[in-house]
Structure formats: structure tokens, C-alpha cells
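Work through the exercises below with the coordinates open. Each task is followed by a stepwise solution.

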Amino acid sequence: MTAIIDYNAGNLTSVKRALDYLGISCVITPDRNDVLAAERILFPGVGHAGTSMQILRERGLDTALREAYSAGTPILGICLGTQIILSHSDEGDTSCVGLIDGDCPRFAVQNNSLKIPHMGWDGISIKRDHPLLRHVTENDEFYFVHSYYPRPGREEDIIAECEYEALFPAVIGCKNLFATQFHPEKSGRAGLELLKNFCAWDGAE
Amino acid sequence: MLSKRLIACLDVRNGKLAKSIRFVNTKDIGDPVESARKYYDEGLDELVFYDITASSDKRDIMIDVVDKVASQVFIPFSVGGGLRTVEDARKVLLAGAEKVNYNTAAVENPGIITDASRAFGAQCVVLSMDVRSVQKSDALPSGYEIVVHGGRMPMNIDAIQWAARGEELGAGELVVNSIDADGTKAGYELNLTRAIAERVNIPVIASGGGGKPEHLYDVLTAGKADAALVASILHYGEYTIREIKEYLHDRGLKMRMSF
């Protein structure tokens, strides 16, 4: 069973709808025991880092995520989920889950014609192959909506980048963790491909 | 760099797809779920549904449409028309929409934009405005006026000022619909779109008047729009999504071409 972590963040049902469409059984759950028992974990979300971390802690989901990560359970972070698996977010100066070392700064664009949030379809440049990027090419574009972006401490944790004035990490990951700043559930065929790959993934790179 | 977006607008009445010309003479032309699915398969970037159902007791039909679309169409879409409250918006978002559109309700109660923006995030809140060209005056220095209730009621509010106010109130995006151009297929209102795009720092979606790919090119370049909305040229099969996107791509615009 795939567990979608419920921490009152937006967008959870969109991810479930995509998995339902793909015929993959999943459950949206706020219960840390479900998360620990899950075969794989989806950590999506739209919202504020500070508020979200507070709810994760109240429900013991932050520690459940760390335990599941150590146990090798495949984890897919999406958007806010991707930002708060790092150790810190500048949004509300929030201490986060910390599955991998890194922080989450706000875009500081110099060019006034670039708008924040970075919202819409954009391409990615793939820095290293990954089983979740099977059938995904650099011609594919993905749907982004974000004002902050993930910045892992280690260069090797960056799997793909996107450019918005400057390059920023669009996909990060390490071992059994894979996380996208964009929304695969709203990114058409390429996004569904990625979700399908995740649901067949054993967590090995 | 972000791609320019091609957005299709589907007017829905009692659960059926409708298309109006200059806001009158609406006629039913099909099933919105089927059309949405077809456009998604053909590579559309985003969808907008406007519920033009007259009676409020039939509004739940729209929620059903939203739910069906969200279960098989995996691109962002927004829903507008008849939304009066934050609760209305919540229903639509829970049914699977990415964003909500406020138009008349925002003019009558601007606080709704702020409330929805705080509840769901600015990226969820689209301020949609119907605009007509008028004589410049003290109240309407730009010569563009906001009109509500489906184009029937002029408000004596300047459109450029209203756009700026919408951003301040917390809207994450603007749809600028020219009533003069709507349904004419003679091209978008470039001056209006550009004036608003230059004034605000949120994405602007141009609407009304798109009759051929060249019109989209004009509004995405000279008109400075981030996205262009089309309706009848798709619904009546005059152009395919691929034809429009290939045209724009060939003329040098960054478009999502892999789908």
C-alpha cells in the first residue's frame, strides 16, 4: 500500500486522483503507524513550511518519515514536501524534517520581469540518471508553482535542475528518497510516467 | 524559463459546454468532460471552466464536472462563475481544481480575494475581469472600465487600477477579458493586456478575441501576456492545439511541445 501523508496541506486529493487513474492503490492518512507500515510513501503538499511542520510534529509524522527513510522505504516528495524534507526552510525560518541536509531559500530574482512565484510549465536538465526518470526526457516539461526552492547541501543530491534566471534544483534525492519541486500529478504524461515509475521502484538508485 | 501557456476556456451551463458571442446567444455545444479530456490528450497546458448556470440550485452539477475532469485530466485547471464565498472555493478545490476564479464577487466584495488567498495561497486565486473600452474620464483614466454580471453592469471602476488592487488583495493571477473583442475572432485587445501586464507583477492571461494563431503570438509578445485563452477556435475545430502551439513555437516562443 502507498501512503499519502495527510498533514492538512493542499493538493493531497490531486495526487490520489493521479494514482487512482494509474490503478495504484493508495490511502491518504494522518496516522504515523500507517506511514511506518506503508510499502512506499508519498509526501506531497502545497502550503506554508512553518504551519506544515507544526502539524507534522503534532502527529509524529516527522519522526515517522525519518524512521521510514532509514528503513529504506521509497519516499517521493512533491513541492512543499520536497522543501521540508531538507533541514531548514527560510519560509517562516522553519526547522524541517531533515532527511537530507540542505535549506530552502526564496527566489531572489534581479530581473523585474520575472515573476514570483515561478508558476507554469518549465523544462529540466537531468544531471544524473535515475530509475524514476525512465521515459522522461529533457524535452518534457513539468508544472511548477513555488516561491522557495530546495538547495541540498551536497551537490550529488541534485538529480535535475531548472532555470529561472539562475539554475536551481528541481529534483533532489538520495538513496530511497526522490523529490520534485514540480507537480508530477499536474504535469501531463511525463508526470504520470514519473508517478508510475515511483510506484514500481524498490528504492535502489 | 517558463513556457507561454495555451489555455482553453470552457463555458459550462447545467453541466453542458456552451459558447457565447459577445456574452449573448449562448448555445450548448457538447460535454465539458469529453472536451477537457480531448484537449488534454492533444497537449493543452491549462483549462478554465466558467459555470454560467443561471440557477444556484443546479451548482452542484458543476462540482460533479470538476470531479470528473480532475480524475482524468492531469494539467492545472481553474473554475469560476458563481463563486461567492471561500466555502464555494473550497468545494471546487477539493473536487480537484487547481485554482478558483473570482469575477463579479470580487468587485462586490474585494475581501473575498484576500480571504481566499489566505486560506489556500495566492497561487490558487485568480482574479478574472471583464473590461470594456470607454471614453477616458477622471474615474476611468485608462479608458477601460470593469463590467460585471456577465458583461451587463458597468461599474465605473478603472480596469488598470482594479488589476493593481487585485494583486494587492492577494490574487496570484489575472484573467483580462475584453468584452469588445470577445467572440469577434479579430484579435486580442493588445493595449489593454499590455497596460495591465506592465502594471502588475503576477501572470496575466489574455482573453477574448483569439481567432487565429497569429493573434496569440501578438498578445504573448506585444501584449506581454503570460498565457492566452482560446475558446471557439478550438471548440469548433478551426485549429488544433498542435497547430497553434507549432505556429507559436516556430515563431520563437517557448512552448511545451512534448506531450
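**Conventions**

This is a predicted model, in which local features need pLDDT of at least 70, side-chain atom pairs count only at pLDDT 80 or more, and totals for chains, interfaces and linings use all residues. Residues are numbered from 1 along each chain as its sequence is written, chains are lettered from A and ligands numbered from 1 in the order in which they are written, and side-chain values use heavy atoms, with hydrogens and water left out.

**Exercise 1. Describe the interface of chain A and chain B by area, residues and polar pairs.**

Step 1. Take the area. Buried area is the accessible area (1.4 Å probe) that two parts lose on being put together, summed over both. For chain A and chain B this comes to about 2,600 Å², with 51% of it on carbon and sulfur atoms. A:Arg17, A:Lys115 and A:Trp121 supply 30% of the area that chain A buries against chain B, more than any other three residues.

Step 2. List the residues in contact (heavy atoms within 4.5 Å). Chain A contributes 29 residues and chain B contributes 34 residues.

Step 3. Find the salt bridges, each a side-chain nitrogen of Lys or Arg within 4 Å of a carboxyl oxygen of Asp or Glu. There are five between chain A and chain B. A salt bridge joins B:Glu98 to A:Lys186, where the closest N and O atoms are 3.2 Å apart.

Step 4. Find the polar contacts. A polar contact is a pair of N or O atoms within 3.5 Å; within protein, one must be able to donate a hydrogen and the other to accept it, and residues adjacent in sequence count only if both atoms are side-chain atoms. The rule gives 19 residue pairs across the interface of chain A and chain B, both residues being at pLDDT 80 or more.

Step 5. Assign the chain A side to elements. Helices (H or I, at least four residues) and strands (E, at least two) are DSSP runs, numbered from the N terminus. At least two residues each come from α1 (12–21), β8 (118–123), β10 (141–146), β12 (158–164) and α6 (188–199) of chain A. β8(A) gives the most, with six residues.

**Exercise 2. What is the strand order of the open sheet of eight strands in chain A?**

Step 1. Apply the pairing rule: two strands pair if DSSP finds at least two bridges between them. The order in chain A is β2-β1-β3-β4-β14-β13-β12-β9, with mixed pairing.

Step 2. Locate the edges. β2 (26–29) and β9 (125–126) of chain A each have a single partner strand, so one side of each is left without a neighbour in the sheet.

Step 3. Check one pair. β12(A) and β13 (residues 166–174) of chain A are antiparallel over six bridges. A:Glu161 is opposite A:Pro169 in β13(A).

**Exercise 3. Which strands pair with β7(B), and in what sense?**

Step 1. Start with the parallel partners. β6 (residues 99–102) of chain B is joined to β7(B) by three bridges, and B:Tyr102 has B:Leu127 as its bridge partner. β10 (residues 173–178) of chain B is joined to β7(B) by six bridges, with B:Ser128 opposite B:Val175.

Step 2. β8 (residues 144–148) of chain B pairs with β7(B) over four bridges, and B:Ser133 is opposite B:Tyr144.

Step 3. Seven of the nine residues of β7 (residues 125–133) of chain B are buried, so the strand is largely enclosed by the rest of the structure.

**Exercise 4. Which residues of helix α5 (residues 111–120) of chain B are buried?**

Step 1. The buried residues are B:Ile112, B:Ile113, B:Thr114, B:Ala116, B:Ser117 and B:Phe120.

Step 2. Their cover includes α3 (86–94), β6, α4 (104–108), β7 and α6 (159–169) of chain B.

Step 3. Just after α5(B), B:Gly121 has a positive phi of about 100°.

**Exercise 5. Is B:Thr53 buried or exposed, and is B:Asn103 buried or exposed?**

Step 1. B:Thr53 lies in the loop between β4 (46–51) and α2 (60–70) of chain B. At 4% relative accessibility B:Thr53 is buried.

Step 2. The side chain of B:Thr53 reaches the backbone nitrogen of B:Asn14 at 3.0 Å and is in polar contact with the side chain of B:Asp51 at 2.5 Å.

Step 3. B:Asn103 sits in the loop between β6 and α4 of chain B. With a relative accessible area of 17%, B:Asn103 is also buried.

Step 4. The side chain of B:Asn103 makes a polar contact with the side chain of B:Asp130 at 3.2 Å.

Definitions and conventions: Buried means under 20% relative accessible area, exposed over 50%, partly exposed in between (1.4 Å probe, protein chains only).
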